[in-house]
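These are my notebook entries on a structure that I went through element by element. I set down what I looked up and what I found.

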There are 2 protein chains.
Amino acid sequence: MRKVVMVAGGVNKWGRRAANFRQLAAEAAKACFDSNPNIDHKEIDGFILATTYAERTGVQVHPAPFIAQIIGLQPKKLYMRVENQCGSGTTAIRTAWWAIASGYVDMVMCLGVEKLMIPVHEEIFLNAASAMDHDWEGCFGLTPPAAFAMAAQAHMRKFGTTEEQMAMVSVKNHRHAMKTPYAHHYERYKKHGPVTLETALKSRMIAYPLKLFDCSTNTDGAAACILASEEKAKELTDKPVYLIGTSQVCLHGSWQKATYEWWEWPALRLAARQAYEMAGIKPEDVDVAEIHDCFTISEIIEYEELGWCEKGQGGKFIEEGLSDYGGKVVVNPRGGLIACGHPFAATGIAQAYEIFLQLRGEAGERQVKDAKIGLNHNLSGLGEHHIIIYKRGFD
Amino acid sequence: MRKVVMVAGGVNKWGRRAANFRQLAAEAAKACFDSNPNIDHKEIDGFILATTYAERTGVQVHPAPFIAQIIGLQPKKLYMRVENQCGSGTTAIRTAWWAIASGYVDMVMCLGVEKLMIPVHEEIFLNAASAMDHDWEGCFGLTPPAAFAMAAQAHMRKFGTTEEQMAMVSVKNHRHAMKTPYAHHYERYKKHGPVTLETALKSRMIAYPLKLFDCSTNTDGAAACILASEEKAKELTDKPVYLIGTSQVCLHGSWQKATYEWWEWPALRLAARQAYEMAGIKPEDVDVAEIHDCFTISEIIEYEELGWCEKGQGGKFIEEGLSDYGGKVVVNPRGGLIACGHPFAATGIAQAYEIFLQLRGEAGERQVKDAKIGLNHNLSGLGEHHIIIYKRGFD
């Protein structure tokens with residue numbers, strides 16, 4: 001199995017954009033190419049597009065060739081669209097990994113893109129319901145906010161987690177995003193200042209106990225990265241970032257199929273164990289992490305299942321500042337899904353790009369001091385988790 | 001790069017089915033499991049779902065976990081949906097190949113499924129337009145029949161290919177499907193007998209020169225197969241079928257981007273050369289092939305670009321019976337997309353399963369005598385081609 005290295009990355013501006021599906025993708029691809037002028041786009045032999053709602057919001061089936069075309073790629077060995085809803089971006093990177101590791105291709109671009117800010121509201125509702133088990137859950141109203149609200153209630157009941165603790169996750173991630181110009185809410189902070197605990201707690205109720213500021217933000221956005229074989233990477237960069245561990249677990253899709261209470265996430269526990277083992281590290285070795293804060297409660301439960309604190313102590317972990325700069329592990333330094341926004345399939349790739357910047361010491365104001373090992377995590381439901389662990393390959 | 005082997009396969013009944021998206025998938029999965037009782041479904045560590053229109057016809061985003069769940073899989077290392085429109089099935093198999101070849105997983109199920117016979121006609125029109133470059137071609141009426149009709153006109157003008165020769169492809173493939181019980185039109189033959197040249201030529205015009213019988217059939221259907229590492233395969237079967245060559249070329253998505261006339265398909269020529277080279281074979285070594293007869297003209301041009309006859313001689317090739325039993329290479333022994341039907345993402349996997357049966361000598365009445373090497377080919381546009389070459393691994 002050949003070693004695989006990330007050699008470039010880029011994102012576009014996220015928000016309510018007057019750009020269509022294809023334009024969003026082109027912007028991220030350009031940012032990615034610009035990040036590493038040593039890369040000749042003709043040598044990119046694979047292209048993996050991650051997108052969830054292309055068929056509805058881009059009115060385009062099999063979008064991969066059209067996006068490849070618009071960004072100037074002619075992949076001669078491999079191209080495809082992958083889709084795992086909120087886990088699509090991480091899935092694209094993993095898929096590129098195997099293709100390179102097997103020796104079939106040398107350099108693959110992964111691009112995630114989502115156009116979500118469309119004017120048809122029924123369409124958006126349909127989308128939210130279809131993201132869950134549509135036939136048996138989504139169509140009865142179990143959209144993501146409702147589902148994660150029940151997970152939050154279970155966690156509060158079992159461990160005494162509070163609404164304040166959840167709001168603290170929101171406050172932290174919004175504070176981080178004040179240093180992330182591409183974040184959806186970046187301009188808001190310039191105008192209204194940081195999000196305070198009071199603002200978060202007083203925001204309108206979406207699904208008890210989750211309020212507006214507990215939820216991630218629908219947004220238009222794209223992100224891209226380029227992976228290469230170790231050998232190829234040596235020609236392209238002197239700051240390689242290695243992919244060293246990964247996992248993907250799918251115990252069930254429907255929430256009703258959980259044979260456990262929703263305050264525990266055994267699929268994530270299993271995924272974490274697998275990824276750490278493959279990487280040969282322990283949970284405490286992670287310096288910086290981009291994890292799936294689709295809702296504040298998610299980030300709290302993830303602290304626990306990723307092994308950074310005891311089960312049930314996630315609320316205390318955020319309260320004590322242990323997931324912030326100066327704590328045990330810096331979580332969501334770019335502001336996460338809550339503050340950057342969540343363009344589903346682009347999220348995993350944007351997370352990976354943030355880890356890439358952090359491990360290369362190029363994260364500017366957001367830099368986590370001397371970060372050597374980073375992790376990105378997506379979930380696409382209660383029973384589905386996706387992890388990649390990265391290590392800087394120079395010192 | 002580890003060697004990869006196909007160890008099981010199955011299809012369900014194709015046609016206008018009173019079954020939903022999930023039921024179709026479950027039927028094919030059951031047929032696949034039934035085909036090899038040595039396989040313990042708990043040992044399947046990867047699941048790749050190929051589906052094109054799930055979001056519209058299954059009203060389900062991220063269908064992979066829900067299909068995995070309904071067929072009793074809990075993939076603990078890898079799962080995803082892949083989509084490349086008509087090339088989705090072949091894309092799934094290729095993706096499983098790299099994942100196994102890299103050493104990450106040992107056994108992967110690939111499942112393709114499509115629910116196309118839905119009652120909403122505008123929806124179907126939207127689907128057809130969105131399969132092409134929607135923004136610049138599909139929405140102006142360049143749906144697949146219109147596009148391939150223009151390719152046919154170019155081929156007729158350049159090489160004198162005739163409507164009769166195209167009809168002969170239809171007659172051959174329908175005749176083959178008389179021995180394929182799962183084919184969409186199987187019951188029709190029982191009632192009306194074989195499709196004759198006259199029937200095909202007199203059928204109603206769709207887009208000149210393509211008539212109804214020149215077109216593949218929309219259908220509901222699913223197909224599944226299981227791939228394993230060579231080591232694992234030894235425990236599971238004494239009739240291994242090896243994957244020995246593959247290619248995937250995407251020169252462009254939009255038809256307008258072709259810098260050549262539509263009677264030549266350089267992307268396929270390149271893909272064929274790559275796949276033969278990787279497999280270490282010549283075009284004439286292929287004994288049996290399942291190729292993409294979305295329209296009769298496609299099969300004719302494919303004979304040429306796959307190297308089985310000179311450029312421009314495809315019409316003559318079918319006329320002389322060289323693509324039939326007793327000819328140079330038996331093409332579409334199960335009846336192809338024209339007679340079996342074309343449930344987009346299921347097609348590539350059903351083709352692979354037919355090659356699997358043929359190389360194992362298990363194709364019954366359809367058996368190509370002593371078939372040792374087989375090929376499956378999908379296209380998903382003029383500039384996009386997907387090939388896999390298989391070899392029987394016993395004698």
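**Entry 1. Two helices of chain A**

I began with a helix pair in chain A of this predicted model. Helix α7 (residues 163-177) and helix α12 (residues 296-305) of chain A pack with their axes 8 Å apart, at an angle of about 100°. Since angles of 65 to 115 degrees count as roughly perpendicular, α7(A) is therefore roughly perpendicular to α12(A). I then listed the residues that meet. From α7(A) I noted A:Gln165, A:Met166, A:Ala167, A:Val169 and A:Ser170, and across from them A:Thr296, A:Ile297, A:Glu299 and A:Ile300 of α12(A). Sorted by class, this contact consists of five nonpolar, three polar and one charged residues.

**Entry 2. Confidence**

I looked up the confidence values before going further. Chain A has a mean pLDDT of 96, with 98% of its residues at 70 or more. For the complex, the predictor reports a pTM of 0.98 and an ipTM of 0.97.

**Entry 3. Strand β12 of chain A**

I asked how many residues of strand β12 (residues 384-392) of chain A are buried. The count is eight of the nine, so the strand is largely enclosed by the rest of the structure.

I next looked up its partners. Strand β8 (residues 241-250) of chain A runs antiparallel to β12(A) and is joined to it by nine bridges. In this pairing I found A:Val241 opposite A:Arg392 of β12(A). Strand β11 (residues 373-379) of chain A is also antiparallel to β12(A), with seven bridges between them. Here A:His377 is placed opposite A:Ile387 of β12(A). β11(A) and β12(A) form a hairpin with four residues between the strands, and within this hairpin A:Gly381 adopts a positive phi near 145°.

**Entry 4. A loop residue of chain A**

I selected A:Asp40, which is in the loop between α1 (21-35) and β2 (46-50) of chain A. Is A:Asp40 buried or exposed? A residue with 12 or fewer C-beta neighbours within 10 Å is exposed; A:Asp40 has 10 inside that distance, and therefore counts as exposed. I also took one distance from this residue: A:Asp40 and A:Glu290 are 250 residues apart along the chain, and their C-alpha atoms are separated by 29 Å.

**Entry 5. The contact between the chains**

I turned to the place where chain A touches chain B. Each chain contributes to the contact: 51 residues come from chain A and 51 residues from chain B. On the side of chain B, the elements that each supply at least two residues are α2 (54-57), α3 (64-70), β3 (78-83), α4 (88-101), α5 (121-131) and β8 (241-250). Which of these gives the most? It is β3(B), with six residues. By class, the side of chain B that touches chain A has 22 nonpolar, 20 polar and nine charged residues.

I followed β3(B) across the contact. Strand β3 (residues 78-83) of chain A pairs with β3(B) in the antiparallel sense, over three bridges. A:Arg81 has B:Glu83 of β3(B) as its bridge partner.

**Entry 6. Strand β2 of chain B**

I then looked up the neighbours of β3(B) within chain B. Strand β2 (residues 46-50) of chain B pairs with β3(B) in the parallel sense over five bridges, and B:Gly46 stands opposite B:Leu78 there. Strand β4 (residues 107-114) of chain B is likewise joined to β2(B) by five bridges and runs parallel to it; B:Cys110 of β4(B) is the bridge partner of B:Ile48.

Five of the five residues of β2(B) are buried, so this strand is largely enclosed by the rest of the structure. I checked the faces separately: B:Gly46, B:Ile48 and B:Ala50 lie on one side, B:Phe47 and B:Leu49 on the other, and both faces are covered.

**Entry 7. Helix α4 of chain B**

I returned to α4(B), one of the elements on the side that touches chain A. Its axis and that of helix α15 (residues 344-360) of chain B come within 5 Å and cross at roughly 60°. That makes α4(B) oblique to α15(B). Residues in this contact include B:Ser88 and B:Ile93 of α4(B), and B:Phe344 and B:Ala352 of α15(B). By class, the contact has seven nonpolar, five polar and no charged residues.

Note on methods
Residues are numbered from 1 along each chain as its sequence is written. Chains are lettered from A and ligands numbered from 1 in the order in which they are written. This is a predicted model: local features need pLDDT of at least 70, side-chain atom pairs count only at pLDDT 80 or more; totals for chains, interfaces and linings use all residues. Two residues are in contact if their C-beta atoms, placed from the backbone, lie within 7 Å. Ala, Val, Leu, Ile, Met, Phe, Trp, Tyr, Cys and Pro count as nonpolar, Asp, Glu, Lys and Arg as charged, and the others, Gly among them, as polar. Two strands pair if DSSP finds at least two bridges between them. Axes are lines fitted to C-alpha atoms, for helices over the stretch in contact, and angles run from 0 to 180 degrees between N-to-C directions. Angles under 35 degrees count as roughly parallel, over 145 as roughly antiparallel, 65 to 115 as roughly perpendicular and the rest as oblique. pLDDT is the predictor's confidence in each residue, from 0 to 100. A residue is buried if 20 or more other C-beta atoms lie within 10 Å of its own, exposed if 12 or fewer, and partly exposed in between; C-beta atoms are placed from the backbone.
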